[in-house]
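Welcome! Please take a moment to open the sequence and the model side by side, and then let us walk through a few places together.

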Amino acid sequence: MAEELRPDRTGRRRYRRLTRRIRDLGAPNGVVAHAPDGKFDIDALVAKAKGWPGLEGMDLAKEVSCRQTYSWSESAWELGKGYGTQESPQFHVVAMDFGAKRNILRCLAAAGCKVTVVPGTATVEDVMRHKPDGVFLSNGPGDPAATGEYAVPTIKGLLDTGVPMFGICLGHQMLSLALGAKTTKMPLGHRGANHPVKDLATGKVEITSQNHGFVVVPETLPADAEVTHVSLFDGTNEGIRLKGKPVFSVQYHPEASPGPQDSHYLFDRFVELMKGKAA
């Protein structure tokens, strides 16, 4: 789509027109270009936008995952103190990195966890040799089905071990794939920090931060997977838990602060599952 954003008579730019176009017809391919001389080859830019293949079938997690295993101990930021350090952890969590946000790792550390981060291509043996009390499946970019080609077999194997598991965003989607469910590309992805999500167990509504273009199809979940959270914008799936096992995941980002801490309880829930397993 080629359109110049020039000021109208009121001095405001025509962003609302683009917003309506995206709302009604779905997200188009686009190009943001800069030319110091102000001269643009519009035909070439349009061709570049049309030539983009889209996210479906694209494994981007491998581009952003760590290449080597490393330890993480930095905890959440506090006013007047800055970032802390977890020096006396209660539990050891192995985080599979598909593009993990640092603040998620900080929240895990702040909840009392020693965190070992492994590449998204790690095998069951790679994860379990660290003797984790819990496994975290991180967020990340791209099509979950594409990344799942190598990650889903590992997640299935980890489910068989009985170790507590917690997934966020892409991790939520790939956990669902490992359970036999399907994911699909959304006409309009969820972007931003003002998404209301309902916790079906408590009836509470959380204001969440979201950034995803794929979604789990709840009708394809197995009978032992329970939907726990739904979007109040469009009713799409925002969370699941596995009945009879210490496993759960959410689509949104509880480490972010739109609520500002509406969803931080999820990290405590993960710790409680590890406590229950250790008891």
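What follows is a short tour of aromatic rings, one asparagine and some backbone details.

This is a predicted model, in which local features need pLDDT of at least 70, side-chain atom pairs count only at pLDDT 80 or more, and totals for chains, interfaces and linings use all residues. Residues are numbered from 1 along each chain as its sequence is written, and side-chain values use heavy atoms, with hydrogens and water left out. Helices (H or I, at least four residues) and strands (E, at least two) are DSSP runs numbered from the N terminus.

Let us begin with the rings. The structure holds 4 aromatic pairs; rings of Phe, Tyr and Trp (its six-membered ring) pair if their centres lie within 6.5 Å, and planes under 30 degrees apart count as stacked, over 60 as edge-to-face and the rest as tilted. One of these pairs is Phe 136 with Phe 166, edge-to-face at 5.6 Å centre to centre, with 65 degrees between the planes. Phe 136 belongs to strand β6 and Phe 166 to strand β7, 30 residues apart. Phe 166 is buried, at 0% relative accessible area (buried means under 20%, exposed over 50%, partly exposed in between, with a 1.4 Å probe and protein chains only). The ring centres of Phe 166 and Phe 248 are 4.5 Å apart and their planes lie at 15 degrees, so this pair is stacked. Phe 248 sits in strand β12, 82 residues from Phe 166. Together, Phe 136, Phe 166, Phe 248, Phe 267 and Phe 270 form one aromatic cluster.

Now turn to Asn 139, in the loop between β6 and α6 (144-161). Is Asn 139 buried or exposed? At 6% relative accessibility, Asn 139 counts as buried. A polar atom of its side chain lies 3.0 Å from the backbone oxygen of Gly 99, and the side chain of Asn 139 also reaches the backbone nitrogen of Lys 101 at 3.2 Å. Residues that Asn 139 touches (heavy atoms within 4.5 Å) include Ile 168, Cys 169 and His 253.

Cys 169 brings us to the backbone. Most residues other than glycine have a negative phi, and most peptide bonds are trans. Cys 169 has a positive phi, near 60 degrees, and is buried at 4% relative accessibility. Lys 131 has a positive phi too, near 50 degrees, but Lys 131 is exposed at 67%. Finally, the peptide bond from Gly 259 to Pro 260 is cis, with omega near 10 degrees.

Key:
Polar contact = N/O pair within 3.5 Å; in protein donor to acceptor, adjacent residues only side chain to side chain. Lists of a residue's contacts leave out its neighbours within four places in sequence.
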